[in-house]
Amino acid sequence: MAIQRELPIPAVGDGSGLDGDAKLYPEELQLAFRNKAIPLEGLRYDVTPSGMHYTLVHYDVPHVELAAWRLHVGGRVRRPLVLGLDELQRRPTRTLRVTLECAGDGRALLHPRPISQPWLTGAVGTAEWTGTPLRSLLGEAGLDDGVVEILFTGLDRGVEGGVEQDYQRSLPLAVALDDDTLLAWAMNGAPLEPQHGYPLRLVVPGWYGMAHVKWLRAVEAIALPFGGYQQALAYRYSESREGPGEPVTLMRVRSLMIPPGIPDFLTRTRIVHCAPVDLRGRAWSGRARITRVEVSVDGGASWADAAVGEPPSPHAWQPWRHVWQATSPGWHDLLCRATDAAGDVQPAEQWWTARGMGNNAAHRVRVIVV
Ligand SMILES: Nc1nc2c(c(=O)[nH]1)N[C@H]1C(S)=C(S)[C@@H](COP(=O)(O)O)O[C@H]1N2
Ligand SMILES: [Mo]
């Protein structure tokens, strides 16, 4: 049974002629309306206003009646738990400021364009997440010897790659036991909105978005690595759709710039008047703090160091700033690129993977000085 129209999935050198200039499929446009990026001017806020935070939902947003909702903690544990939200909220509580980015951010800028949610830039946001550390809950349940991963299951169900499935992802045990891995019920001080995982979601600081399972219904201790679709197939760095590749885990180093000046309505080209221009943006990495941000105002031919602000919290993006003397009229390609303390730096061009994961090429903004 053909559940969905088969879209041609372009591969490098497959002669299909499809590339990033090909028109969007209606299916991609449909996804682009359901899911949304932060408007880049939203990078001004240290904490992204909830309504500006990006959203990504694979299937449908489930409707949850709180009175009937329970979290089941089970699998290879000595004391399985079944908890309502009020019971979870009586446990130790923490609030963490965390930058979250979708692993597919930037996918639609690749050539050829992998067919999926067609992110350009801005599948990123920073929120204050309040919840209880998963660690203490797992301690209470009592893990059996031989547990290697913790598996998380959402209430949402759909078909992907021809496989009917619940949205499920696992974490290595050490990550699940990190003090900062939270079961969160609040975002920016308010109960989670339906699209962000009401009533409970996982927050895994430093990891790309797919790990932060929303609408949690089950947490299970397992003795073998999870091999489900979202783990073994979808979130991989691979040259082919079938290739196993490396798993997608921590967010790669990246920076974005608030587009300066004013936009042209249709093209969003930036118009800047001859004057000093205050360039600002954010930079983050799931691996280490940001040590350097560089800005180019000549398409990458030369770079200058921007001033980088202190991390306001260990898991949140850092602000950067650079004053550009925009004195020569005409077209300019502005770029920013960040380096983290692990020594990783954003590449000039993105290397291609079949599913378009982990794109962190330097951010480019075209402006005309008048
Ligand atoms: N249950 C469930 N959890 C999920 C998803 C999903 O589709 N279902 N999408 C994941 C992906 S790919 C991302 S990028 C983040 C997005 O979180 P946000 O919409 O709150 O920004 O949620 C993750 N958690
Ligand atoms: Mo994502």
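The legends below describe close-up views of a predicted model.

Residues are numbered from 1 along each chain as its sequence is written, and chains are lettered from A and ligands numbered from 1 in the order in which they are written. In this predicted model, local features need pLDDT of at least 70 and side-chain atom pairs count only at pLDDT 80 or more, whereas totals for chains, interfaces and linings use all residues, and side-chain values use heavy atoms, with hydrogens and water left out.

View 1. The domain assignment, which is automatic or from a database, gives domain 1 (2-16 + 252-369) and domain 2 (26-247). To the contact (heavy atoms within 4.5 Å), domain 1 contributes 33 residues and domain 2 contributes 45 residues. The buried area, meaning the accessible area (1.4 Å probe) that two parts lose on being put together, summed over both, is about 3,700 Å², of which carbon and sulfur atoms give 58%. On the side of domain 1, His315, Trp317 and Arg355 lose the most area to domain 2, together 22% of what that side buries.

**View 2. A salt bridge between aspartate 105 and arginine 254.** A salt bridge here is a side-chain nitrogen of Lys or Arg within 4 Å of a carboxyl oxygen of Asp or Glu; for aspartate 105 and arginine 254 the closest N and O atoms are 2.9 Å apart. Three salt bridges are counted between domain 1 and domain 2, while the structure holds 20 salt bridges.

**View 3. The salt bridge of glutamate 140 with arginine 91.** The closest N and O atoms of glutamate 140 and arginine 91 are 2.6 Å apart. Because glutamate 140 lies in helix H3 (residues 134-141) and arginine 91 in the loop between helix H2 (85-89) and strand E3 (94-101), the pair ties together parts that are 49 residues apart in sequence; helices (H or I, at least four residues) and strands (E, at least two) are DSSP runs, numbered from the N terminus. Glutamate 140 is partly exposed, with a relative accessible area of 35%, whereas arginine 91 is buried at 14% (buried is under 20% relative accessible area, exposed over 50%, partly exposed in between, with a 1.4 Å probe and protein chains only).

**View 4. The surroundings of proline 244.** Proline 244 is placed in the loop between strand E11 (236-237) and strand E12 (246-247), and at 59% relative accessibility this proline counts as exposed. Leaving aside residues up to four places away in sequence, proline 244 touches Arg236 and Ser238.
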